Amino acid sequence: MRICDALHRATERLQSAGIPDAQREAELLLAACLRRERAWMLAHTEKPLQVREQRRLMRWLARRARREPLAYITHRRWFYGIEFYIARGVLIPRPETELLVEVFLSWARSWGQGGVLIDAGTGSGCIAAACLLNAPSWRAIGIDRSRRALRIAARNRARLRLSNRWLLVQADWLNALRPASVDAVLSNPPYVLPSEWVRLEPEITRYEPRRALRVPRADPLRPYRRLAWQAFEVLKPGGLLAFETSPTLAEGVQALLTRHGYQQIHVHSDLADQPRVVSARKPS
């Protein structure tokens, strides 16, 4: 089987499974299967596949046809121009989350010095890593209660050669930190309401960790309230707290931060002009 034949077969299989943009997905899946870049593969479409590559492709197509996300199958996902290792047990990085990194980097330039940032609920570590690679004078602590998530983050830390600047800690949010010990707290807490859950793609509802996505029906702001209270204790005066959230919850998060005594509260919109990140400063 040649690459062109494999692409045709993969595209048909994914189309029949109802996968959106099946041709592009087939190209990405096959490129990862061959351990090549997509551009190389498309330039060598007459090259034959080895038997083990064909078998791997058939297994991966079966998994994708069951709507398992591409990132979990290939273990590859790009975020903020960086390729990360991704596996089940962590959220798949999304373009919307890049705004949280942008907010931090903009604030860090005005801070005028290095410091320590906290990535609360670090998952794959994509937020902390993107910040560190673009702010060389900073260090990070990635916190997660999931041991599996921390193993995945550690793998990305090693791949990106950030071990000397990035500590990983198993804890429940910010409980393990001392008062007034850090300069910035970033987090992407759960923000999907139960009423929104049923409208999400099966790639999300069947495979991504629910605990990292869904908020309590009776108290959807509970994760933000706890983080806001804890961050007020651990941040230095003037330090930054920034959340990724949803358009549905952004106004409530803004009001919550006001009640907790934060200042300079801003709501930042994403590329779709939807409120996506809420940032604030601890009073100096």
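Biologist: Which residue forms a salt bridge with R225, and how far apart are the closest N and O atoms?

Modeller: A salt bridge here is a side-chain nitrogen of Lys or Arg within 4 Å of a carboxyl oxygen of Asp or Glu. In this predicted model, R225 pairs with D219, and their closest N and O atoms are 2.9 Å apart. Local features need pLDDT of at least 70, side-chain atom pairs count only at pLDDT 80 or more, and totals for chains, interfaces and linings use all residues. Residues are numbered from 1 along each chain as its sequence is written, and side-chain values use heavy atoms, leaving out hydrogens and water.

Biologist: Is R225 buried or partly exposed?

Modeller: Buried means under 20% relative accessible area, exposed over 50%, and partly exposed in between (1.4 Å probe, protein chains only). R225, at 33%, is partly exposed, and D219, at 24%, is partly exposed too.

Biologist: What does the salt bridge of R67 look like?

Modeller: The side chain of R67 meets that of E203 at 2.8 Å, N to O. This pair links distant parts of the chain, 136 residues apart, with E203 in helix 10 (residues 202–207). Helices are DSSP runs (H or I, at least four residues), numbered from the N terminus. Both R67 and E203 are buried. Together with E25 and R64, they belong to a network of salt bridges.

Biologist: How many salt bridges does the structure hold?

Modeller: There are 15. Another one of them joins E37 and R76, with the closest N and O atoms 3.3 Å apart. E37 is partly exposed at 49% relative accessibility, and R76 is partly exposed at 25%.

Note on methods
Helix = DSSP H or I, 4+ residues; strand = E, 2+ residues; numbered from the N terminus.
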